[in-house]
Amino acid sequence: MLNLSDVTLTYPDGENGTLNALDAVDLTVPAGQMLALVGPSGSGKSSLLAVAGALVTPTSGTVTIDGTEITGASQAERARLRLNHIGLVFQQPQLMPSLTALEQLQLVGVLRGARPRAVRDAARQALAAVGLDSAAKRRPHQLSGGQRQRVNIARALMGEPSVLLVDEPTSALDQHRSAEVMELIATLTRERGTATVVVTHDLEFVDVADRSVTLRDGRLAEHATV
Ligand SMILES: Nc1ncnc2c1ncn2[C@@H]1O[C@H](COP(=O)(O)OP(=O)(O)OP(=O)(O)O)[C@@H](O)[C@H]1O
């Protein structure tokens, strides 16, 4: 479960001013639920993911994952949290050009210190979960955009995260592939019991989620509208 309580993230703006990228945000995403996060450009969506993913510490408020408060954790603790509890998927799949799909996933397992055989099994399982078992030996340039995004999602699942944060997974994909990727994230959320937040510009895909919220000037409102 992911919980944000009264979270504010303030940036300096101009000479003496400040800007609240997030303004008193309260949000709970239970395990196994997918939340769609929409909002205009600059409304704070990436800031919310950064705070929930322990990449950025909020100015005030608390973030907890499975009851553990991550705000206030040291840099090393936050790095460990990201590796073991948080799956992050960015807009453009950032894959290593020289590694095969399977190796991209194995790298995460090795970083987590798991045993080689367990890493290989977990990587195979994650690739199968996103329907890419037959493309295990392909390198990124031999995969389509949708397949690369699937590898990206599978890689985020390697740590068996309790929180899955996905930033605009469909921005580089056509309508058909976008629908497939959103359905895939919904299925994985249910099967793996992750608390999932997906940022999307596309209201068409909001229905795939269990719940949707809109950010506007850093403030949260229930139900998606843009
Ligand atoms: N490092 C920073 N320093 C100062 N201001 C920032 C910083 N990062 C973001 N902001 C500001 O915080 C606000 C929220 O930005 P954020 O990137 O979270 O929006 P977004 O909803 O993800 O936008 P987009 O849809 O365009 O990606 C914006 O006004 C932005 O200019």
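Trainee: Which residues of H3 are buried?

Mentor: In this predicted model, the buried residues of H3 are Ala101, Leu102, Gln104, Leu105, Gln106, Val108 and Gly109.

Trainee: What covers the buried residues of H3, and what is found just after H3?

Mentor: The cover over the buried residues of H3 includes H4 and H5. Just after the helix, Gly113 takes a positive phi of about 85°.

Trainee: What makes H5 a largely enclosed helix?

Mentor: Ten of its 13 residues are buried, so the rest of the structure largely encloses H5. The buried residues are Arg148, Gln149, Arg150, Val151, Asn152, Ile153, Ala154, Arg155, Ala156 and Leu157. Their packing partners are strand S6 (86–89), helix H3 (101–111), helix H4 (116–129), strand S7 (163–167) and helix H6 (175–192).

Trainee: How do you know that the span of H5 is close to the expected one?

Mentor: Helix H5, residues 145–157, reaches 19 Å from its first C-alpha to its last, whereas 18 Å is expected for its 13 residues at 1.5 Å a residue. The expected value is 1.5 Å times one less than the number of residues, and the span of H5 is close to it.

Trainee: Why is Ala128 called partly exposed?

Mentor: Ala128, which belongs to helix H4, has 13 other C-beta atoms within 10 Å and is therefore partly exposed. A residue is exposed at 12 or fewer and buried at 20 or more, so a count in between gives the intermediate class. The C-alpha atom of Ala128 is separated by 8.8 Å from that of Ala154, although the two residues are 26 apart along the chain.

Trainee: What makes S3 a largely enclosed strand, and how do you know that both of its faces are covered?

Mentor: Five of the five residues of strand S3 (residues 34–38) are buried, so the strand is largely enclosed by the rest of the structure. In a regular strand the side chains alternate between the two faces of the sheet. Met34, Ala36 and Val38 lie on one side of S3, Leu35 and Leu37 lie on the other, and all are buried, which means that both faces are covered.

Trainee: How do you know that S3 pairs with S8 and with S9?

Mentor: Two strands pair if there are at least two bridges between them. S3 and strand S8 (residues 195–199) are joined in the parallel sense over four bridges, with Leu35 opposite Val197. S3 and strand S9 (residues 211–216) also have four bridges in the parallel sense, and Ala36 has Ser212 as its bridge partner there.

Trainee: What makes S6 and S10 the edge strands of their sheet?

Mentor: The open sheet has six strands in the order S6-S7-S8-S3-S9-S10, with mixed pairing. S6 and strand S10 (219–222) each pair on one side only, and they are the edge strands. S6 runs parallel to S7, to which four bridges join it, and Leu88 stands opposite Leu165 in S7.

Trainee: Which strands form the four-stranded sheet, and in what order?

Mentor: The order is S2-S1-S4-S5, in an open sheet with antiparallel pairing. Its edge strands are S2 and strand S5 (68–69), each of which pairs on one side only. Strand S1 (residues 2–13) and strand S4 (residues 60–65) run antiparallel and are joined by five bridges, and Ser5 has Thr62 as its bridge partner in S4.

Trainee: Which residues surround the ligand, and which element gives the most to the shell?

Mentor: The ligand is surrounded by Tyr11, Leu19, Ala21, Gly39, Ser41, Gly42, Ser43, Gly44, Lys45, Ser46 and Ser47. Strand S2 (17–29) and helix H1 (45–52) each supply at least two residues, and H1 gives the most, with three. The shell divides into three nonpolar, seven polar and one charged.

Trainee: Why is Glu160 called partly exposed, and why is Asp217?

Mentor: Glu160, in the loop between H5 and S7, has 14 other C-beta atoms within 10 Å and is therefore partly exposed. Asp217, in the loop between S9 and S10, counts as partly exposed because it has 14 C-beta neighbours inside 10 Å. Although not a glycine, Glu160 has a positive phi of about 45°, and Asp217, also not a glycine, has one of about 50°.

Note on methods. Residues numbered from 1 in each chain as written. Predicted model: local features only at pLDDT ≥ 70, side-chain atom pairs only at ≥ 80, totals over all residues. Near = placed C-beta within 6 Å. Nonpolar A, V, L, I, M, F, W, Y, C, P; charged D, E, K, R; others polar. Contact = placed C-beta atoms within 7 Å.
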